[in-house]
There are 2 protein chains.
Amino acid sequence: MLRATNAVKSKLVNQWVVFEAIRIHGPLPRIAISETTGLSKQATSDLVDELLALGFVREEKSGERRVGKPPKPVAIHPDGAYTIGFHVDFGRAAAVVMNLGGEVRHREARPLSSVDAGRVAQDLAGQVPALLEQAGIDTSRFLGIGLATPGPFGVPSMSPPRLPGWDGLILRQALREATGLPVALANDGQCAVTAEWRFGTAARKLRHFVYLYLGNGLGSGIMTNGSAFGGANGNAGELGHTIAVPGGHSCICGKHGCLETYVSVDSLTRYLGECGVEMHDMHRIENELSASHPLVTAWLSEATEPLRSGINTLENLFDPQTIMFGGDAPAWLIEALIERVEPLYDSISLTNRQLPRLMRADLGADAVARGAATLPVLAMLDPQYRHLGDSDGELVGG
Amino acid sequence: MLRATNAVKSKLVNQWVVFEAIRIHGPLPRIAISETTGLSKQATSDLVDELLALGFVREEKSGERRVGKPPKPVAIHPDGAYTIGFHVDFGRAAAVVMNLGGEVRHREARPLSSVDAGRVAQDLAGQVPALLEQAGIDTSRFLGIGLATPGPFGVPSMSPPRLPGWDGLILRQALREATGLPVALANDGQCAVTAEWRFGTAARKLRHFVYLYLGNGLGSGIMTNGSAFGGANGNAGELGHTIAVPGGHSCICGKHGCLETYVSVDSLTRYLGECGVEMHDMHRIENELSASHPLVTAWLSEATEPLRSGINTLENLFDPQTIMFGGDAPAWLIEALIERVEPLYDSISLTNRQLPRLMRADLGADAVARGAATLPVLAMLDPQYRHLGDSDGELVGG
DNA sequence: TTAATAAGTCATCTTGACGGATTAATTATT
DNA sequence: AATAATTAATCCGTCAAGATGACTTATTAA
């Protein structure tokens with residue numbers, strides 16, 4: 001249902017608008033914030049004062065010397081808040097302790113032997129105190145946990161690659177119970193797009209873009225009007241299970257020719273295995289192979305066309321400003337795909353362009369964990385994400 | 001950029017919330033409006049008074065007699081406002097004069113000989129006085145014109161089927177100049193989804209659904225959180241140009257195997273033509289053929305699989321509550337496709353279902369024109385669409 | 001008649017944005 | 001050195017809108 005508003009809710013919106021203006025446009029004096037937000041000088045000043053009191057922003061030294069009273073630039077206070085972001089995928093759980101400025105204060109990755117949600121939750125929960133300790137942060141400024149894991153959520157018949165029976169909803173619930181802390185959940189594509197949107201240099205100023213996430217599987221995240229598009233159940237963007245090659249490779253979802261069976265690290269691993277090269281660890285692939293390895297080249301030539309088609313689908317359906325391509329797959333693999341997938345097919349994206357249609361994502365391998373770590377901040381400040389903080393915990397965009 | 005808010009804007013939001021509560025939940029007394037919106041009794045009462053003064057709602061006779069002061073149910077005043085909706089496609093321009101209740105007070109369709117935007121605009125503009133006259137409405141309550149035409153807009157290299165060089169943006173501008181009236185523009189899929197959302201019995205209460213629009217081409221409209229998703233340039237949902245059959249039929253867009261070359265009236269027409277049956281008029285197809293005609297059956301068997309794949313793509317990317325299938329193609333064609341496309345492929349839509357995954361759209365052939373006619377109302381009242389009323393005129397969702 | 005009940009309105013309060021005047025801090029000018 | 005000019009930020013009063021609780025009104029039940 002539509003929601004009515006009032007002065008108090010308006011203020012929360014405006015507080016977020018001010019916060020974002022400061023975050024996006026760097027240190028700004030109040031007068032400049034007022035101009036970019038359209039709020040009056042006074043309203044701006046009051047909201048800045050409150051953000052200062054909350055410790056989320058701070059005044060910096062005025063740089064330039066000009067006529068007139070010197071401005072007091074206000075910037076995000078990087079250490080005004082901390083969050084933990086977990087990125088859980090097959091065999092591996094990465095964790096970051098991130099501050100409000102998006103800087104990773106501590107990172108850790110450990111192998112996961114179990115695919116049982118309860119056990120994984122216990123494991124992650126056990127890490128939390130040590131993570132906070134090792135990051136050396138002021139724990140009174142700790143906001144909560146964000147969790148990223150492959151989707152879809154709540155669809156028992158479809159599991160992420162190599163994670164049969166896996167469901168992020170169950171893991172979130174278990175992690176909540178094990179830690180007693182709020183846990184916000186989103187899938188890896190949504191977390192990646194969120195991280196890119198907040199911390200990437202190009203994506204920061206975009207309102208509509210798609211993140212193509214290459215990992216064990218292939219997912220996507222859709223950023224639209226400043227929030228990750230989730231659809232009815234938070235599962236939107238499941239590009240990997242769109243059909244790229246009718247009658248093609250069989251997929252765990254029961255269909256044939258899903259894009260993920262052609263374009264994913266899992267697909268490459270299987271291809272290598274069929275050729276007698278067993279390489280189940282993504283890091284071994286990253287370090288021991290390259291795009292010029294004959295088997296990889298062969299796989300790439302089979303992957304290129306389905307990927308080109310998938311990108312065309314994303315463009316025609318979402319009409320994004322650009323598509324950012326990234327993921328925790330080896331960087332050389334992503335770059336080889338970007339190189340080969342050009343020239344792209346014609347699509348509705350052939351209009352009004354200010355950016356390339358396909359761009360390399362700015363952020364590296366921990367994009368997803370950083371995106372997850374962003375969720376508690378959004379749950380606290382962004383009115384569009386406020387529902388994430390509800391006790392029963394909705395999903396992003398759900 | 002994010003937009004700050006204030007008391008005045010809040011009020012507009014709340015006015016819309018009240019209006020929608022009345023529209024969706026039928027005649028409601030103020031107290032019930034207050035309960036469904038969450039606004040106080042007083043705020044509700046004030047907003048209802050203003051809507052009454054604007055003539056958009058009216059008080060009805062209280063029905064039930066119970067203890068206590070009898071409620072005065074408030075309902076949409078169907079004749080509180082009027083709009084014109086034009087649906088322009090190859091060879092044909094349909095027009096409706098619609099009232100605020102969504103009732104069509106007058107409809108008209110005429111063949112279009114030209115595909116020149118300036119001429120078409122002159123033609124449409126010339127119709128306006130006669131349309132208003134023949135509808136017999138109070139012209140002081142006329143709000144403006146909504147225009148639907150196939151997309152994409154602003155992409156010279158991609159034209160709608162059989163409309164080379166066509167661009168809705170140019171038509172809108174010409175129609176504005178010819179009439180001096182505000183003209184709101186959206187593509188046919190977006191207009192269809194808008195009409196279904198407002199006037200369909202099932203879709204009225206949905207927040208996320210997709211409309212699959214079968215006409216000369218194949219488009220889709222994505223309703224999300226109460227507005228048609230448009231992406232960066234208002235062109236989102238161009239399902240017809242996603243690749244369904246790699247290396248398949250060649251498409252006017254330069255690619256091969258676009259879904260539209262398999263699933264569209266244009267595709268059927270071409271198929272018939274190749275078999276020696278020339279039938280360029282959709283009405284002749286509708287009246288002279290049926291799903292049991294051998295050539296149609298053959299076409300259907302070729303169309304089913306690409307459609308099944310396209311539906312899977314929509315489900316996996318948008319995670320809708322349901323997909324409504326409709327359009328101005330012959331009803332028997334739509335129904336034959338619905339019948340044949342089942343069983344659908346597995347997708348993320350296999351969760352949490354309250355509705356069938358694929359439904360026949362409620363509205364008939366004039367859905368698009370009615371959706372177009374809705375745009376001026378949205379531009380006036382819905383804060384999410386307010387930009388449609390701007391002088392430079394953005395697109396839906398743009 | 002009177003009590004009970006429910007819908008709707010009135011008066012008052014609170015919140016928050018806005019606008020103009022004022023103050024503060026600095027450079028430029030005389 | 002004094003003063004003017006300039007710019008940033010704040011003070012203070014005003015205004016719009018929603019919330020709140022008491023009050024009024026219209027009706028049925030006893």
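In these legends Ala, Val, Leu, Ile, Met, Phe, Trp, Tyr, Cys and Pro count as nonpolar, Asp, Glu, Lys and Arg as charged, and the others, Gly among them, as polar. This is a predicted model, in which local features need pLDDT of at least 70 and side-chain atom pairs count only at pLDDT 80 or more, while totals for chains, interfaces and linings use all residues. Residues are numbered from 1 along each chain as its sequence is written, chains are lettered from A and ligands numbered from 1 in the order in which they are written, and side-chain values use heavy atoms, with hydrogens and water left out.

**View 1. The protein surface near DNA strand D.** Counting a residue as near when one of its heavy atoms lies within 4 Å of the strand, 28 residues surround DNA strand D, and the closest are A:Gln42, A:Ser45, A:Gly68, A:Lys69 and A:Lys72. By class, this surface has 11 nonpolar, 8 polar and 9 charged residues. Of the atoms of DNA strand D within 4 Å of the protein, 67% belong to sugar or phosphate, and the rest belong to bases.

**View 2. Strand 8 of chain B and its pairing.** Strands (E, at least two residues) and helices (H or I, at least four) are DSSP runs numbered from the N terminus, and two strands pair if DSSP finds at least two bridges between them. Strand 8 (residues 208-214) of chain B pairs with strand 9 (residues 218-224) of chain B in the antiparallel sense over 7 bridges, with B:Val210 opposite B:Ile222. To strand 11 (residues 322-326) of chain B, which runs parallel, strand 8 is joined by 5 bridges. With buried meaning under 20% relative accessible area, exposed over 50% and partly exposed in between (1.4 Å probe, protein chains only), 7 of the 7 residues of strand 8 of chain B are buried, so this strand is largely enclosed by the rest of the structure.
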